[in-house]
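Subject: A structure for you to look at

Hello,

I am handing over a structure that I hope you will enjoy exploring. Please open it first, and then read my notes alongside it.

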There are 2 protein chains.
Amino acid sequence: MQLKGHGGVGAWTVVAHVLAVAATALVLVWCIHFRGGLALRSHDKQLIFNTHPVLMLLGLVVLAAEAILSYRSFPQHMILISRDARKKTHLALHAVALALGVLGVYAVFKYHAEADIPNLYSLHSWIGIATISLYALHWLAAFLTFFFPGASQATRRSAVPWHAILGLLVFALAIGNAQLGFLEKLTFLQGPPLRLSRYGAEALLVNFTALVVLLLGVAVVLATANVDSTRYTAM
Amino acid sequence: MQLKGHGGVGAWTVVAHVLAVAATALVLVWCIHFRGGLALRSHDKQLIFNTHPVLMLLGLVVLAAEAILSYRSFPQHMILISRDARKKTHLALHAVALALGVLGVYAVFKYHAEADIPNLYSLHSWIGIATISLYALHWLAAFLTFFFPGASQATRRSAVPWHAILGLLVFALAIGNAQLGFLEKLTFLQGPPLRLSRYGAEALLVNFTALVVLLLGVAVVLATANVDSTRYTAM
């Protein structure tokens, strides 16, 4: 079952990149074409909401996926990309991902305030707050341990597997919470007053976007999981 | 960060058992006390629906968790529990989990048919069908590979890590889809005609039940993840 591309990059990594591009395109088609566009200031409050799924997906899903993959699946024999450069790429991509996520959370609070919708009652919002908080804490803890000031070699060595599994858990939370967000929004749209068709183009688009995000999550886990340890050392 | 109980059973395993009991209690309180009870035949079609979350949770979440833990975290030095017995327990628990899951899916189709609700339009239903199908396929493939007739030693050895990671992925899908189910049902109940309070006792109960299920999933992954390989051999 080992899948492998050329040059030592696993096929799951390639699949993940393709799905990341597809998820970005699909969420833009949904929010711009079907939902009317994006704005952080507008009389049409729905346009403010629309920035929320776009920013969360770009940040905690797409860039987070790229950040994880950048560390784990760059071909080890590409001499030009040193371990240090991979580490800095990993850390910088996660920082940008987190910043977009924070902006996306701000956007939905702004929408709720201006459209007079209560905050923080749904499971999506609860898990969302937990996820972005854990993402930030995990980033900070990893920065202090592995980058600056940096812990002792022994501490780093024992922290690495915990960093990997806790990082993947936070990423899995982000993937799962994106599913909750897609389902929640579509359920609202399918209720009154809009009563969007349950089997219409937009409903199918949103569900397919959610599935692409889910498969992206699976591909990242499979690309990262140490199932075949030879993959990371093979020339 | 290594957590360990007495006798070689990890603390995450103990946490998982406690959360499994809590999740079972909470879903029963919800469906019986708040939603009126359970029935597979009734004039009150809601009672038919109520069996769906109970059966799915007992099957694909609670028993699935116990099945995973039974193989990975029994203390290896307990001579009375042989590897063969653990394997049979693992396989039997997963079979019962799957049977309850199939009954739970039947219940919700029966509810839809009798209450005139369309099928298979929501993300929860799509991922649900995928999850139970993958659960069944994975069980069957593992049965043929590891139990009867059984593959060669070499094939088994290379299949074990794939069995573990794909099994955990299917379990993660079940945990995530339970979240989608709780959110979807609560969103329906909070819309017209019921307009259940967004911050009322039932809303909090359902969200907390979902969080307990989520934490159960995390505990099972952490109990199973091979982060500290000494845990499985330590006397």
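Below are my notes on the fold, the interface and a few single residues.

First, some ground rules. This is a predicted model, in which local features need pLDDT of at least 70 and side-chain atom pairs count only at pLDDT 80 or more, while totals for chains, interfaces and linings use all residues. Residues are numbered from 1 along each chain as its sequence is written, chains are lettered from A and ligands numbered from 1 in the order in which they are written, and side-chain values use heavy atoms, with hydrogens and water left out.

**The fold of chain A**

Helices (H or I, at least four residues) and strands (E, at least two) are DSSP runs, numbered from the N terminus. Of the 235 residues in chain A, 50% are buried; buried means under 20% relative accessible area, exposed means over 50%, and partly exposed is in between (1.4 Å probe, protein chains only). Take the contacts (heavy atoms within 4.5 Å) in chain A with a separation of 6 or more: 70% of them join residues 24 or more positions apart.

**Where the chains meet**

At the interface, 38 residues of chain B are in contact with 38 residues of chain A. The area buried between the two chains is about 3,600 Å², and carbon and sulfur atoms give 82% of it. Buried area here is the accessible area (1.4 Å probe) that two parts lose on being put together, summed over both. Three residues, Tyr121(B), Trp162(B) and Leu183(B), supply 19% of the area that chain B buries against chain A, more than any other three.

How many salt bridges does the rule find across the interface of chain B and chain A? It finds zero, a salt bridge being a side-chain nitrogen of Lys or Arg within 4 Å of a carboxyl oxygen of Asp or Glu.

On the chain B side, helices H4 (123-147), H5 (153-190) and H6 (201-224) each give two or more residues, and H5(B) gives the largest share, 13 residues.

**A buried histidine**

His52(B) sits in helix H2 (residues 45-72) of chain B. His52(B) counts as buried because its relative accessibility is 11%. Its side chain reaches the backbone oxygen of Gly104(B) at 2.8 Å. Leaving out residues up to four places away in sequence, His52(B) touches Gly104(B), Val105(B), Ala107(B), Val108(B) and His124(B).

**Backbone details in the loops**

The bond from Phe148(A) to Pro149(A) is cis, with omega near 0°, and Pro149(A) lies in the loop between helices H4 and H5. The bond from Pro192(A) to Pro193(A) is also cis, with omega near 5°; Pro193(A) belongs to the loop between H5 and H6.

That loop of chain A also holds Arg195(A), which has a positive phi of about 50° although it is not a glycine. Arg195(A) is exposed, at 59% relative accessible area. In chain B, Asp116(B) has a positive phi of about 60°, again without being a glycine. Asp116(B) is in the loop between helix H3 (83-115) and H4, and is exposed at 72%.

Happy exploring!

Terms used:
Polar contact = N/O pair within 3.5 Å; in protein donor to acceptor, adjacent residues only side chain to side chain.
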